[in-house]
Amino acid sequence: MNIAFEDTIAAISTPIGVGGIGIVRMSGNKSQDILKRMFKTKSGKQLDYFENRRFYYGHIVDGNGQIIDEVLVVVMKAPHSYTKEDIVEIHCHGGIVPLRQILKLAIEYGARMAEPGEFTKRAFLNGRIDLAQAEGIMELIYSKTESQARASIWQMEGALSEKIRSIRGKLLDTMAHIEVIIDYPEEGIEEEPVEAYLYRLNDVLKEIDRLLSTAEHGKIIRQGIKVVIVGKPNVGKSSLLNALLRENRAIVTDIPGTTRDVIEESLSINGLLVRILDTAGIRETTDVIEELGVERSRKSIEDADLVLWVLDASRPFDDEDRRIMAEIADKKVIAVLNKTDKPIVLNLKDIELNAPIIHTSMVLNRGIEDIERSIYDIVMEGKVWADDGVLVTNLRHQEALIRAKEHVIEALHALENGIPLDLVSIDIRSACDALGTITGETVTEDLIDKIFSEFCIGK
């Protein structure tokens, strides 16, 4: 599929702000002509021809011959470019003024401002990449951890698309065989036994289930997890947050109740995105503001994937600890026994949760790596990266796979109950269509627009 777009688009493709280099990008059949009008070599010569993928050094000048910036420019000619159209990149200094002046000049000379994600949208519509690969590009741009980036790259390189096409191809072959039998009986193609169709569809079902089994892992990789630090006042919750972040993010004092609100930060543990929340100490209080903080702490516990329950090892287990233990009893918990640099008074038998107990001392910076290791092990539960790199991280893909699975199951039930093959083929086609929404073969224009609207401008 190749679509000839009449208009040429332009955008700033690097973050706006102060930087060493900024890039203005154009794509479309007028991009070279626009560049010819804007660019002059260092000697002042205006070029009539640009070699493919060669950098040229010179200046961008306006219509009055005024120099806007000293630049490097490169032309990537169709069809061997990101969009399969002629692409021009102007590498200038990274200040906001030269970037905007160059973009404004490009628009004056015939380009229009690109919409969010329009460069990648053109790459998709021109058949260079499929929809899943395009989404992989977007996820790579927004990735915050090594694991997110790795999953995005595999998707961008087509690992998921290849698997989807393989599964969809098996369904299309089965459907084609059925439809030939139904539509062209005179051809004398022999109808296969029901067992043969059942075998094929069960094989497809196993492959879909295998992909869906990676979705939970994929969700963790993409969205990360929410970890909440809880405990009664002055047990070292804020000190623990600071230690995990390796910076002094939260105020630490000896005064109980210093933390009045929930503080949220993010960190990466072995490539796992962890959103960690330091909460107000949970206790009975008459202080209205502190009570609001306690209520927010309880709400954070409800939403948490994992709770770090901090206890003061130098103090006996008391009723406040018991109330907290009751509130977190149905959550995944790591018990953090803090202040172990002092004589340990707390009786470990009082901790009645099935939770690992980690001895720490924030003063001595001891036990932090043990906590990180425990967080990772509990959340991942032994999950490992798929050997083929295929991981379902996108909720839209997961929902499409679920729809496909439901239609395959309906087809299997129909075959088992002796339903005519023409009706069976309807469910098989519906499964194909569901899978096609992942790679873009059967996607609607509205969905395409929605997906690319979430991209940044310039990509």
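How are α13 and α14 oriented to each other? The two helices are roughly antiparallel, because their angle is over 145 degrees, the cut-off for that class. The model is predicted: local features need pLDDT of at least 70, side-chain atom pairs count only at pLDDT 80 or more, and totals for chains, interfaces and linings use all residues. Residues are numbered from 1 along each chain as its sequence is written, and side-chain values use heavy atoms, with hydrogens and water left out.

Helix α13 spans residues 395–416. It packs against α14 at an angle of about 170°, with the axes 8 Å apart. Axes are lines fitted to C-alpha atoms, for helices over the stretch in contact, and angles run from 0 to 180 degrees between N-to-C directions. Helices (H or I, at least four residues) and strands (E, at least two) are DSSP runs, numbered from the N terminus. Contact means heavy atoms within 4.5 Å. On the α13 side, the contact includes Arg 396, Ala 400, His 407 and Leu 415. On the α14 side, it includes Leu 421, Asp 427, Ala 431 and Ile 438. By class, this contact has 14 nonpolar, four polar and four charged residues. Ala, Val, Leu, Ile, Met, Phe, Trp, Tyr, Cys and Pro count as nonpolar; Asp, Glu, Lys and Arg count as charged; the others, Gly among them, count as polar.

Helix α14 itself covers residues 421–439. Its 19 residues reach 27 Å from first C-alpha to last, close to the 27 Å expected at 1.5 Å a residue. The expected span is 1.5 Å times one less than the number of residues. Gly 440 follows α14, with a positive phi near 105°.

Helix α14 also meets α4 (residues 131–142), where the axes come within 5 Å and cross at roughly 40°. The pair is therefore oblique. Leu 131, Ala 132 and Glu 135 of α4 touch Thr 437, Ile 438 and Thr 439 of α14. This contact has three nonpolar, two polar and one charged residues.

A further pair is α9 (residues 237–245) and α12 (residues 368–380). Their axes come within 10 Å and cross at roughly 80°, which makes α9 roughly perpendicular to α12. Leu 240, Ala 243 and Leu 244 of α9 meet Ile 368, Ile 371 and Glu 372 of α12. Five of these residues are nonpolar, none is polar and one is charged.

Two loops hold backbone exceptions. Most residues other than glycine have a negative phi, and most peptide bonds are trans. Ala 78 and Pro 79 are joined by a cis peptide bond, with omega about 0°. Pro 79 lies in the loop between β5 (67–76) and β6 (87–92). Asn 270 has a positive phi, near 55°. That residue sits in the loop between β9 (263–269) and β10 (272–278).

The second largest pocket has a volume of about 300 Å³. Of its 15 lining residues, Ile 220, Gly 224, Ile 225, Asp 305 and Val 379 are the closest to its centre. Helix α8 (215–223) and strand β8 (225–230) each give two or more residues to the lining. The most come from α8, with four. The lining has four nonpolar, two polar and nine charged residues. A pocket is an open set of points on a 1 Å grid over the protein atoms alone, where a 1.4 Å probe fits, with protein on both sides within 12 Å along at least five of seven lines; lining residues have an atom within 4 Å of a point. Points are joined across faces, edges and corners, and the volume is the space filled by probe spheres set on them.

Definitions and conventions: Parallel < 35°, antiparallel > 145°, perpendicular 65-115°, else oblique.
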